[in-house]
Amino acid sequence: MFHEAIDVGVNFLDNAWEYHEGESERRMGRAITDRRAAVFLMTKVCTHGRDAKVALRQLDDSLRRLRTDYLDL
């Protein structure tokens, strides 16, 4: 489904670490591994009042699940 969407011009992909306990990011990461340059990728860090260390850890975890080393937003 991701590949078809990208093929027809969808290039903005949004996610968040807390969607289905990270499973959404894992699935998206697998789907875009060979198409990373073709998409504008974002994810959200929802710290809910936690400190910067927690936010950075969540961001690192998201990057790992998304199989990328950068986000576009």
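A residue is called buried here when its relative accessible area is under 20%, exposed when it is over 50%, and partly exposed in between, using a 1.4 Å probe and protein chains only. Ser 62 is a clear case to start with: its relative accessible area is 0%, so it is buried. This is a predicted model, in which local features need pLDDT of at least 70 and side-chain atom pairs count only at pLDDT 80 or more, while totals for chains, interfaces and linings use all residues. Residues are numbered from 1 along each chain as its sequence is written, and side-chain values use heavy atoms, with hydrogens and water left out.

Let us step back to the whole chain. Three helices and two strands are present, where helices (H or I, at least four residues) and strands (E, at least two) are DSSP runs numbered from the N terminus. Along the sequence they come in the order α-β-α-β-α. The C-alpha atoms occupy a box of roughly 40 × 20 × 15 Å along the principal axes. The radius of gyration, taken over C-alpha atoms, is compared with a globule rule of 2.2 Å times the number of residues to the power 0.38. For 73 residues a compact globule would come out near 11 Å, and the chain's 12 Å agrees with that.

Now for the interior. Of the 73 residues, 34% count as buried. In soluble globular proteins, nonpolar side chains tend to be buried together. A nonpolar core means a set of buried Ala, Val, Leu, Ile, Met, Phe, Trp, Tyr and Cys residues joined through side-chain atoms within 4.5 Å. The largest one here has seven residues: Ile 6, Leu 13, Met 28, Ile 32, Val 39, Leu 41 and Leu 66. With contact meaning heavy atoms within 4.5 Å, and residues up to four places away in sequence set aside, Leu 13 touches Phe 2, Met 28, Ile 32, Val 39, Phe 40, Leu 41 and Met 42. Across the chain, 70% of the contacts between residues at least 6 apart in sequence join residues at least 24 apart.

Two individual residues round out the tour. Ser 62 sits in helix α3 (residues 52–66), and beyond four places in sequence it touches Trp 17, Glu 25 and Thr 43. His 3 belongs to helix α1 (residues 2–7) and, at 31% relative accessibility, counts as partly exposed. Apart from neighbours within four places in sequence, His 3 is in contact with Ala 31, Asp 34 and Arg 35. Glu 23 lies 20 residues from His 3 along the chain, and their C-alpha atoms are separated by 18 Å.
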